[in-house]
Amino acid sequence: MTETKLVVMYPYPSDVDQFEKAYVDEHMPIAQKIPNVIKFVATKVSGTPMGSQPTFYRIAELYFESLDSLKEALGSDAGQAAAGHAVAISSGGMPTFLIGEEEMMIL
């Protein structure tokens with residue numbers, strides 16, 4: 001089964017502590033109301049292989065059963081509120097929003 005996901009990549013914030021507080025205390029409660037989400041993965045980027053400051057600070061992945069399910073979620077009041085809030089708290093610039101289909105590969 002192929003899952004569809006929304007990936008939100010937040011640029012490195014101008015104030016990490018302020019962003020973390022807004023992300024955890026404000027954004028997460030809003031995002032938890034998005035319908036149709038079957039899995040949520042939050043990643044805090046800790047570095048790069050080159051040792052430089054990473055371009056992105058946080059990456060959120062929201063998984064859905066299908067593209068239609070994702071579209072329904074994004075069109076909901078909760079989806080719209082979460083997207084707007086993501087933009088509002090992203091002090092390092094506009095977050096990048098991507099839609100993808102996860103493929104399972106066996107190595």
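This is a predicted model: local features need pLDDT of at least 70, side-chain atom pairs count only at pLDDT 80 or more; totals for chains, interfaces and linings use all residues.
The strands were examined first. An open sheet is formed by four strands, arranged in the order β2-β3-β1-β4 with antiparallel pairing. From one strand to the next, the twist averages 20°. The pairing of β1 with β4 is antiparallel and extends over seven bridges. Within this pairing, Leu6 has Ile99 of β4 as its bridge partner. Helix α1 packs on the sheet, where contacts are made with β1, β2 and β3, and the direction of α1 makes about 15° with that of β3. Helix α2 lies across β1, β3 and β4 and runs at about 45° to β1.

The arrangement of α2 and α3 was considered next. The axes of these two helices come within 4 Å and cross at roughly 75°. Because angles of 65 to 115 degrees count as roughly perpendicular, α2 is roughly perpendicular to α3. On the α2 side the contact is made by Ala73, Leu74 and Gly75, and on the α3 side by Asp77, Gly79 and Gln80. By class, two nonpolar, three polar and one charged residues take part in the contact of α2 with α3.

The largest nonpolar core comprises 18 residues, of which Leu6, Tyr10, Phe19, Tyr23, Ile34, Leu62 and Phe64 touch the most other members. At least two residues of this core are supplied by each of β1 (residues 3-11), α1, β3 (residues 56-64), α2 (residues 67-75) and α3 (residues 77-89). The greatest contribution comes from α1, with five residues. Contacts of Leu6, residues up to four places away in sequence not being counted, involve Ala60, Glu61, Leu62, Phe64, Leu70, Leu74, Phe97, Leu98 and Ile99. One of these residues, Leu74, is also among the α2 residues in the contact with α3. Another, Ile99, is the bridge partner of Leu6 in β4.

When residues up to four places away in sequence are not counted, Glu20 touches Asp25, Lys44, Tyr57 and Arg58.

Methods:
Residues are numbered from 1 along each chain as its sequence is written. Side-chain values use heavy atoms; hydrogens and water are left out. Contact means heavy atoms within 4.5 Å. A nonpolar core is a set of buried Ala, Val, Leu, Ile, Met, Phe, Trp, Tyr and Cys residues joined through side-chain atoms within 4.5 Å. Buried means under 20% relative accessible area, exposed over 50%, partly exposed in between (1.4 Å probe, protein chains only). Axes are lines fitted to C-alpha atoms, for helices over the stretch in contact, and angles run from 0 to 180 degrees between N-to-C directions. Angles under 35 degrees count as roughly parallel, over 145 as roughly antiparallel, 65 to 115 as roughly perpendicular and the rest as oblique. Ala, Val, Leu, Ile, Met, Phe, Trp, Tyr, Cys and Pro count as nonpolar, Asp, Glu, Lys and Arg as charged, and the others, Gly among them, as polar. Two strands pair if DSSP finds at least two bridges between them.
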